[in-house]
Amino acid sequence: MKRKLSPSILSADFARLSEEVAKLEPLGIDEIHIDVMDGHFVPNITIGPPVIASLRKETDMFFDTHLMIAHPARYFDAFIEAGADGITCHAEVMEAMECVKMAKRDGIRAGISINPETEFEVLMPYLDVVDMVLLMTVHPGFGGQKFIMDVVPKIERLREWIDREGREIIVQVDGGINVDTVKIALDAGAEILVAGSAVFGGNVVENTEKLLAIIEKHEGKG
Ligand code: DX5
Ligand code: ZN
């Protein structure tokens, strides 16, 4: 697939969400990353279905919904009704496989995510089912953290596995992506690069253009 940037609205101004997202559309961004946190799976609380439903009325962008919550299956339908286009849950929670199956049932993009310290092998039961794997390159919970280099071999291993098996699974990377680390993630085989603070910290348009230029240059390399 064509590599792309998925800006995480976690670092956007929540009072001006639609304006922030509107700045991205003319730059060719067609997907945004929405971080949902419940104060249980991660030590932070962010947004839920009502905010997603409000934003849904403002944009046609693909809503890449990252559920960092303990009960993703319990709340799955609420996120679909709110307008999620893709749902990613965490393999570390009990309801992960149930959530993935619900996403497949509904014909949306089904994603599975693992934390930096979670072993690659944990992904195996999901690789026959999912459309996307999200490898966390920070400990989930907060924007603005440092990219964890130790995850790079896991990105490479996933890329190799997908290529060897001839699968169509998308590799997404999330956490600490900026103008420096984006190259590392791309070289390791990531296709969707999630970036929050590197997009929304400061001038959104300039930040996005810089990241897009690096991604496009990498595409050119083939
Ligand atoms: C962290 C979230 C990320 C976060 C990334 O738990 O899943 O999507 O927004 O933020 P940055 O890009 O600032 O590391
Ligand atoms: Zn995320």
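**Reading a predicted model by its definitions**

Modeller: Gln 172 is in contact with Glu 31, His 33, Asp 64, Arg 109, Met 132, Val 133, Leu 134, Leu 135, Ile 192 and Val 194, once its neighbours within four places in sequence are left aside; contact means heavy atoms within 4.5 Å. This is a predicted model, in which local features need pLDDT of at least 70 and side-chain atom pairs count only at pLDDT 80 or more, while totals for chains, interfaces and linings use all residues. Residues are numbered from 1 along each chain as its sequence is written, chains are lettered from A and ligands numbered from 1 in the order in which they are written, and side-chain values use heavy atoms, with hydrogens and water left out.

Colleague: Why is Gln 172 called buried, and where is its place?

Modeller: Its place is in strand β7, residues 170-174, where strands (E, at least two residues) and helices (H or I, at least four) are DSSP runs numbered from the N terminus. Buried means under 20% relative accessible area, exposed means over 50%, and partly exposed lies in between, with a 1.4 Å probe and protein chains only. Gln 172 has 0% relative accessibility and therefore counts as buried.

Colleague: How do you know whether Pro 7 is buried or exposed?

Modeller: Pro 7, in strand β1, has a relative accessible area of 0%, and is therefore buried. Not counting residues up to four places away in sequence, Pro 7 touches Leu 24, Ile 29, Glu 31, Ile 32, His 33, Ala 195, Val 199 and Phe 200.

Colleague: What makes β2 count as mostly covered?

Modeller: Seven of the seven residues of β2 are buried. Glu 31, His 33, Asp 35 and Met 37 point one way, Ile 32, Ile 34 and Val 36 point the other way, and all are buried.

Colleague: How do you know that β2 pairs with strand β3?

Modeller: Two strands pair if DSSP finds at least two bridges between them. Seven bridges join β2 to β3 (residues 62-68), and these strands run parallel; His 33 stands opposite Asp 64 in β3. Strands β4 (residues 86-90) and β5 (residues 109-114) also pair in the parallel sense, over five bridges, and there Cys 89 stands opposite Ile 112.

Colleague: What is the order of the strands in the open sheet, and what makes a strand an edge strand here?

Modeller: The eight strands follow the order β1-β8-β7-β6-β5-β4-β3-β2, with parallel pairing. The edge strands, β1 (4-7) and β2 (31-37), each pair on one side only.

Colleague: Which strands does helix α4 lie across, and how is helix α5 set against helix α6?

Modeller: Helix α4 (residues 96-105) lies across β4 and β5, running at about 160 degrees to β5; axes are lines fitted to C-alpha atoms, for helices over the stretch in contact, and angles run from 0 to 180 degrees between N-to-C directions. Helices α5 (residues 152-165) and α6 (residues 181-188) pack at an angle of about 35 degrees, with their axes 8 Å apart. Val 152, Ile 155, Glu 156 and Arg 159 of α5 make this contact with Ile 184, Ala 185 and Ala 188 of α6.

Colleague: Why is Arg 159 called buried?

Modeller: Its relative accessible area is 14%, and Arg 159 is therefore buried. Not counting residues up to four places away in sequence, Arg 159 touches Val 171, Ala 188, Gly 189 and Glu 191.

Colleague: What makes a space a cavity rather than a pocket, and what volume does the largest cavity have?

Modeller: On a 1 Å grid over the protein atoms alone, a cavity is a set of points where a 1.4 Å probe fits but cannot get out, whereas a pocket is an open set with protein on both sides within 12 Å along at least five of seven lines, and lining residues have an atom within 4 Å of a point. Grid points are joined across faces, edges and corners, and a volume is the space filled by probe spheres set on the points. The count comes to one cavity of 30 Å³ or more, and the largest cavity has a volume of about 210 Å³. Its lining has 23 residues, of which Phe 142, Gly 143, Gly 144, Asp 174 and Gly 175 lie nearest its centre.

Colleague: What volume does the largest pocket have, and which element gives the most to its lining?

Modeller: The volume of the largest pocket is about 200 Å³, and α8 gives the most to its lining, with three residues. Among the lining residues are Lys 2, Arg 3, Leu 212, Ile 215 and Glu 216.
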